[in-house]
Amino acid sequence: MTAVLSVRALSKTYGKTPALEAVDLEVAPGELVGLLGPNGAGKSTLVKIACGLVRATGGEVSVAGAPAGSRSARALTGYLAELFRFPGWARSEEVLALHQRLARSDGGQAEREALLARVGLAGEGGRKVETMSKGMQQRLGIAQALIGDPQLVLLDEPTSALDPGGRRTVRDLLVGLQNEGIGVLLNSHLLSEIELVCDRVVIIDGGRVVTEGRPEDLTAPGGVEIETSDGIRRLPDARREDVPRIVRELVASGTEVYGVRVVSGTLEDAYLAAVVGRDG
Amino acid sequence: MNDALTVAGHALREAVRRKVLLVVALLTTGFLALYALAAFEAFNSLEGFGPSGIVPIDERALAGGTLLGLAMFVALFLGVVLAVFLTLGAVRGDAERGLLQPLVVRPVGRTTLLIGRLLAASAVCVPYVVGVFLIAVLITHAAGDFTPSSLVVPAGGLALGVVTVVAASLLGSSLLGTTANGIAIFMIFATGLSGGLMGQIGDELEVNGLSTASSVISWLVPFEALYQNGLHALTADIGGVTGVIVELGPFGGAESVGGGIWPWAIAWSVAVLALAAVAFGRRDL
């Protein structure tokens, strides 16, 4: 199956400063890939190259087989920029209608209403952008990115201005996109969001991919905690399979066991190990 | 072309919704009211004058030509202000504010976006300068029964002149930030007008260097050549001493620059827009 986003040996240099070096990455249809990395790691540059806003210095990027930035690639791509703004004078309905015309979407009113409902803005079509909260504008931005049934959606910090309710709405929406077979590249600093929804995580630092994999593969086991009559015992090297043996031995030695918890590492641990550990 | 019209329609809606056109209409009404007052007062004051003694001067033509020269200058100036403010942040300014990126990622060429902005700004500025000029002509006719030698050349010159400024401003917006672009375009405008006045001085003092420099400047910035041409056409059939005095008017050098200015100004605008498209196409957003 053709990847909806294929990045091969991508490099980008601003003047003499390298922003990306030999980056390889793929997003399959229906796959949700999280892009992580510290500020200045090159995440936004990668996303901007994929949607044609920035020109690559070297390497190849394609969207469903079409060169990134080409008209056909852009027709298949939905994009929400990290820093974007819609004209304050425009109504949300007008913003979507403009993008429908430019995206050559014939979805009309039905598509606009469905998209607004999908991002939790049902009934807000007549509202001017300048009267919307930052979170509402961000949700309108996501609705705009979904116009015209894109095959690839690039979201650069889509939940940065959202409250917990708004984040839940976006998470549900991302799962919906997965189910529809749409590939999503999600650039976010919110590790918990990424951990909750992403099939795969790519961590970038200094313009290079430093690690990638499924969230459960990246998170290292954190040992076992056992609540006993002597207090809580922590066995950092123990694994889930060791639990029955450990409990048997404790009971045999006359220790009361009240509870056992298998501790797993978080994506944050994995991220810090990949980024901070590398920097250190 | 549909995409360019879509972008143009969006930019025009912005001009309407942001009340740009309303403010311009109100202030222009103020200018035209003052112009009408000046025109009626000027022609009324001529009624007591008889034929001049030694040098025969047609006071009515002198007053009418001078007033319409003023109207042309103000129409061009206000048209340039409008053109610059509608386009000065079209590329870098809008990109810095995050307005441009959502549009650029659509399957629309960057050149198409520029053409859309050119069409939108021209659709505001061209009717504006032509309208202000023609209303001034009507006022002048009502006040003093004066009709200019030509309507088409001055009106057409104003119209094409502001289109050249729109193109220059779009190029500037691809290369410079908003404030720097605004300053640059107004300085170019001032340079053009100074060039015209310089040529006038050169002609009268018979300093060929000044006249040549003025010609070069006016063709380099064609709005100036179009303006000079239009100013000349206003009073082209006024002869004698009156004609000489009118041509020496205070609003720049009235001079016939020849029919070649029309295709030159169009080609210049296309070339400048093409440069803007190249600069925009190479810009990382």
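With 29 C-beta neighbours inside 10 Å, L36(A) counts as buried; a residue is buried if 20 or more other C-beta atoms lie within 10 Å of its own, exposed if 12 or fewer, and partly exposed in between, with C-beta atoms placed from the backbone.

Leaving aside residues up to four places away in sequence, L36(A) touches L191(A), I194(A), V201(A), I203(A) and Y271(A), and two residues are in contact if their C-beta atoms, placed from the backbone, lie within 7 Å. Q100(A), which is 64 residues apart from L36(A) in sequence, is 31 Å apart from L36(A) in space, C-alpha to C-alpha.

## How the model is read

Residues are numbered from 1 along each chain as its sequence is written, while chains are lettered from A and ligands numbered from 1 in the order in which they are written. Because this is a predicted model, local features need pLDDT of at least 70 and side-chain atom pairs count only at pLDDT 80 or more, whereas totals for chains, interfaces and linings use all residues.

## Chain A as a whole

Chain A holds 10 helices and 13 strands, and its C-alpha atoms fill a box of roughly 75 × 45 × 35 Å, taken along the principal axes. Of the 280 residues in chain A, 42% are buried. Among the contacts in chain A with a separation of 6 or more, 67% are between residues 24 or more positions apart.

## Chain B as a whole

Chain B has 12 helices and zero strands, so that, in the words of the record-like notation, its elements run α-α-α-α-α-α-α-α-α-α-α-α from the N terminus on. The C-alpha trace of chain B spans about 70 × 40 × 30 Å along its principal axes. A compact globule of 285 residues would have a radius of gyration near 19 Å, and the 20 Å of chain B agrees with this; the radius of gyration is taken over C-alpha atoms, and the globule rule is 2.2 Å times the number of residues to the power 0.38.

Of the 285 residues of chain B, 49% count as buried. When contacts in chain B between residues at least 6 apart in sequence are considered, 81% of them join residues at least 24 apart.

## Two helix pairs in chain B

Two packed helices are described by the angle between their axes and the distance between the axes. Helix α3 (residues 59-87) and helix α6 (residues 110-144) of chain B have axes that come within 9 Å and cross at roughly 160°; axes are lines fitted to C-alpha atoms, for helices over the stretch in contact, and angles run from 0 to 180 degrees between N-to-C directions. That crossing makes α3(B) roughly antiparallel to α6(B), a description used for angles over 145 degrees, with those under 35 counted as roughly parallel, 65 to 115 as roughly perpendicular and the rest as oblique. α3(B) passes α6(B) in a right-handed crossing, and a crossing is right-handed if the near helix is turned clockwise from the far one by less than a right angle, and left-handed if anticlockwise. The contact of α3(B) with α6(B) has 20 nonpolar, five polar and two charged residues, where Ala, Val, Leu, Ile, Met, Phe, Trp, Tyr, Cys and Pro count as nonpolar, Asp, Glu, Lys and Arg as charged, and the others, Gly among them, as polar.

The axes of helix α8 (residues 178-205) and helix α9 (residues 208-220) of chain B come within 7 Å and cross at roughly 150°, which makes α8(B) roughly antiparallel to α9(B). The crossing of α8(B) and α9(B) is left-handed. Residues of α8(B) including G192(B), G195(B), G196(B) and G199(B) take part in this contact, as do residues of α9(B) including S211(B), S214(B), S215(B) and S218(B). The contact of α8(B) with α9(B) divides into five nonpolar, 10 polar and one charged residues.

## Where the chains meet

The contact between the chains takes 19 residues from chain B and 22 residues from chain A. On the side of chain B that touches chain A, α1 (2-17) and α5 (101-104) of chain B each supply at least two residues, and the largest share, five residues, comes from α1(B). The residues on this side of chain B divide into eight nonpolar, four polar and seven charged.

## Two residues with positive phi

A64(A) has a positive phi of about 50° although it is not a glycine, and its place is in the loop between β4 (58-63) and β5 (66-67) of chain A. With 19 other C-beta atoms within 10 Å, A64(A) is partly exposed.

In chain B, K19(B) has a positive phi of about 65° although it is not a glycine, and K19(B) is found in the loop between α1 and α2 (20-46) of chain B. K19(B) counts as exposed, with 12 C-beta neighbours inside 10 Å.

Conventions:
Helices (H or I, at least four residues) and strands (E, at least two) are DSSP runs, numbered from the N terminus.
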